[in-house]
Amino acid sequence: MLRKIGSFVALLLLSLRVQADGVGVVLSGGGAKGLYHIGVLEALEENGIPIDYVAGTSMGSIIAAMYAAGYAPAEMRSIVSSGVVKEWVSGRIDPNRYMSYYRQLGSNPSFLSVRVNLENPAGERLQFPTNLISSTQIDLALIELFAPATAASNGDFDRLMVPFLCVASDMNHRRPVVMRSGDLSVAIRSSMSIPLVFKPVSIDSMLLYDGGIYDNFPWKPLDAEFHPDLIIGSICTAGNTPPGENSNIMDQAFMLAMQDTDYTLPEQRSVTIRRAVGVSMLDFDQAEAIMNAGYEDAMAVMPQLLEKVGDRRDSAWFAERRRVFREKCPPLVFNDYDLEGLKPDQRDYLRDFLHMNRRTPGVQRPMAFDELRNNLFEVLADGNLTMDFPKVHYDSISGGYSFGTRLRTRPNFKITIGGNVSSTAFNQAYIGIGYRWIGRVSQQLGADLYLGPLYTWGSLGGRTDFYAIEPLFIDYSYNFSVSNFRHGYFGNISRIRNAEQVKSSESFLSVGLGLPLTHRSVVALRANVGHVNYRYDSEELFADDTDLSRFSFFGIRAGLARNTLDKFLYPRRGSELYLSAIYINGKDKFEPWNAEKFLSHEPRQWFGGRFTWNKFFDLPQSSWFSFGLNVDAVYTNQPAFQTESATLMAMPEYAPVSHARMVFMPDYRSDRFVAGGIMPTFDLMPNFFFRTGFYAMFRRKRDFNPLDEPDKRWHYISEASLVYHSPIGPVSLSLTKYDLKDWKNMYLTFNFGYAIFAPKGTFY
């Protein structure tokens with residue numbers, strides 16, 4: 001009798017132990033909290049727990065789908081740790097990374113911009129956003145991750161490496177939708193469409209939002225579809241918790257939209273791994289800590305799991321299962337493209353810039369995913385176009401993928417507002433207007449106006465981008481500027497001995513032609529014609545007004561520029577290089593203070609060349625320290641003008657810091673000089689750093705000295721700045737010192753925004 005009882009107990013215990021094909025894993029939603037699941041999967045595989053079915057919602061659906069598509073937990077951890085997921089959900093396509101430099105020439109101090117569609121009827125002209133974050137980055141990321149698996153499974157999620165399902169919310173019919181087949185990337189995109197944050201996905205009559213609205217923990221669909229013997233649940237949220245007063249706006253919006261979810265698994269055949277991860281939905285900065293928390297919690301319940309799972313697998317078994325499935329996944333190479341939503345000439349223009357066509361008419365050019373993505377981001381980075389979720393399909397006959405999407409042009413009229421707020425007189429208000437349209441070529445017209453008590457300038461012009469054998473651009477503009485240094489030294493905290501009070505203004509027409517050499521370099525030819533006025537104190541002893549010199553000129557410049565800087569003001573990484581040659585021809589006119597017209601006209605012409613290089617280095621051994629290098633060299637044979645002051649004002653200047661362009665310092669102007677500096681930088685926190693700079697200039701000896709002191713050929717600048725890059729512009733506090741022999745020539749300046757200076761008509 002005892003033997004029979006013992007056998008019955010043994011059979012009962014065995015019935016509670018699971019065979020290898022009976023383990024289902026379900027992963028909850030939670031945004032960035034969902035990275036917790038990667039650590040859980042890592043612990044399960046490490047301990048040989050077989051995973052036979054997976055299901056998830058929102059971020060849980062992404063992790064579950066990656067597992068089903070053959071990604072190892074270690075691969076997932078590597079992808080997340082690289083920071084790319086944070087980039088995907090940022091909604092921002094970084095122009096410095098993806099946009100060709102020739103399309104970025106010129107900068108403005110923009111704080112905000114408003115777009116108006118002049119082609120729409122009244123009442124529909126202002127366009128307001130339908131979601132907070134653009135999904136373009138994550139749309140293409142999902143295609144890269146899952147399109148090959150969709151092709152390998154022929155759209156049947158049961159034929160993935162591990163059978164998979166996810167849940168989305170159909171807001172038209174007010175119900176959850178279980179996604180079991182189709183395009184895997186579309187299913188995941190539907191499941192993670194957080195209301196207000198991302199644009200929903202439309203499929204047939206359904207408008208699909210984040211699955212967490214109706215079911216944030218889809219264990220019941222997993223149980224109903226796959227009937228696993230054991231369910232392992234990974235939950236990274238506090239459950240059905242209402243938003244708190246400290247919850248951010250995105251978390252509040254999503255939690256208010258969510259209905260209660262059943263997080264209670266069947267007790268006899270389940271194990272729950274759970275932690276209320278304390279980060280917001282889009283806080284991916286703590287990715288490592290979140291993944292480690294999942295691993296630790298899974299290891300804590302591992303004895304309980306090992307009791308329930310009898311048939312375990314080794315690492316070789318997991319690796320072989322992945323290898324077999326991933327060998328079925330065709331490489332992600334595209335050979336067919338369909339761009340909808342555009343006029344025929346717009347479509348032709350974009351196909352040229354996206355490099356979709358071969359030179360043979362009607363033949364489309366194969367592209368690997370990385371190239372296609374980079375080309376798409378190239379045309380989307382300037383914000384003038386938007387793209388719907390692409391449709392990707394694998395053709396087994398051609399062995400390639402087709403890519404189809406709908407592109408839309410954004411409102412074509414833009415108003416931009418910005419400027420610079422300063423502790424000195426270098427305050428500026430900026431307003432810009434622009435109108436752009438795309439046909440067989442891209443055209444833009446615009447006007448920019450910078451108004452300030454010290455420095456005012458404006459520009460009116462346009463640009464045409466077109467595609468011949470290679471991309472080309474032509475720009476044309478009228479420019480004017482006024483620099484008034486006659487009202488003080490602007491921020492000085494000690495006596496000043498190396499600056500003069502002068503005023504200059506210029507007005508010129510400019511035409512340029514350029515083409516890219518590489519993604520971040522451009523070669524350009526530019527011609528300017530106009531005049532510049534120099535007004536300065538008269539050299540006559542009893543003069544009670546200023547003298548005036550006017551230089552009417554024609555100039556031409558050929559130049560090469562390469563730029564990889566992360567910011568155009570106070571950069572932290574990258575480099576810039578400018579190499580150019582110029583020719584200037586014109587007339588120097590002179591009007592003394594007591595005359596009513598120009599008394600003399602002298603011809604002037606010269607050639608010149610300039611080399612400028614700035615480079616910012618990160619040190620592999622240090623995460624908080626870096627340094628930059630500056631090199632600047634000029635050679636011209638500029639002749640003397642009729643007065644010494646006009647000669648100096650026309651000369652090139654060495655201005656490695658912004659403040660050096662806010663005062664007129666004769667010491668740092670010369671027709672020939674070599675200069676350079678170093679810029680040690682100390683990171684204090686993200687986007688906030690302390691930068692020092694030490695610069696030296698060696699210039700040609702002069703035949704005259706405007707400050708009536710012995711001529712010195714070496715001159716120095718030192719600066720210490722606290723810089724914070726805010727979302728709308730840099731904030732800086734700078735202490736700047738010119739020359740080193742005493743405590744004179746020291747300035748303290750605060751700036752919020754972009755201190756931008758007009759291009760010079762004579763180039764240097």
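A: A crossing is left-handed if the near helix is turned anticlockwise from the far one by less than a right angle, and right-handed if clockwise. Helices (H or I, at least four residues) and strands (E, at least two) are DSSP runs, numbered from the N terminus. In this structure, the crossing of α2 past α11 is right-handed. This is a predicted model, in which local features need pLDDT of at least 70, side-chain atom pairs count only at pLDDT 80 or more, and totals for chains, interfaces and linings use all residues. Residues are numbered from 1 along each chain as its sequence is written, and side-chain values use heavy atoms, with hydrogens and water left out.

Q: At what angle do α2 and α11 pack?
A: Axes are lines fitted to C-alpha atoms, for helices over the stretch in contact, and angles run from 0 to 180 degrees between N-to-C directions. Angles under 35 degrees count as roughly parallel, over 145 as roughly antiparallel, 65 to 115 as roughly perpendicular and the rest as oblique. Helix α2 (residues 36–46) meets helix α11 (residues 287–300) at about 40 degrees, and their axes are 6 Å apart. The two helices are therefore oblique to each other.

Q: Which residues of α2 and α11 make the contact?
A: Contact means heavy atoms within 4.5 Å. From α2 come Y36, I38, G39, V40, E42, A43 and E46, and from α11 come I290, M291, A293, G294, Y295, D297, A298 and M299. For classes, Ala, Val, Leu, Ile, Met, Phe, Trp, Tyr, Cys and Pro count as nonpolar, Asp, Glu, Lys and Arg as charged, and the others, Gly among them, as polar. The contact of α2 with α11 has 10 nonpolar, two polar and three charged residues.

Q: How do α3 and α4 pack?
A: Helix α3 (residues 59–68) and helix α4 (residues 73–81) have axes 10 Å apart, at an angle of about 130 degrees. That angle makes α3 oblique to α4. The crossing of α3 past α4 is right-handed. In the contact, I63, M66 and Y67 of α3 meet P73, M76 and I79 of α4. By class, this contact of α3 with α4 has six nonpolar residues, no polar and no charged ones.

Q: What is there to note about the phi of S58?
A: Most residues other than glycine have a negative phi. S58, which is not a glycine, has a positive phi of about 55 degrees. S58 sits in the loop between β2 (53–57) and α3.

Q: Is S58 buried or exposed?
A: Buried means under 20% relative accessible area, exposed over 50%, partly exposed in between (1.4 Å probe, protein chains only). S58 has 4% relative accessibility, so S58 counts as buried.

Q: Where does N745 lie?
A: N745 is in the loop between β29 (729–738) and β30 (746–753). Its phi is positive, near 60 degrees, in a residue other than glycine. N745 is buried, with a relative accessible area of 1%.

Q: Which residues of α14 are buried?
A: In helix α14 (residues 344–353), the buried residues are Q346, Y349, L350, R351, D352 and F353. Just after α14, H355 has a positive phi of about 60 degrees.

Q: How many helices and strands does the chain have?
A: The chain has 16 helices and 30 strands. Of its 764 residues, 53% count as buried.
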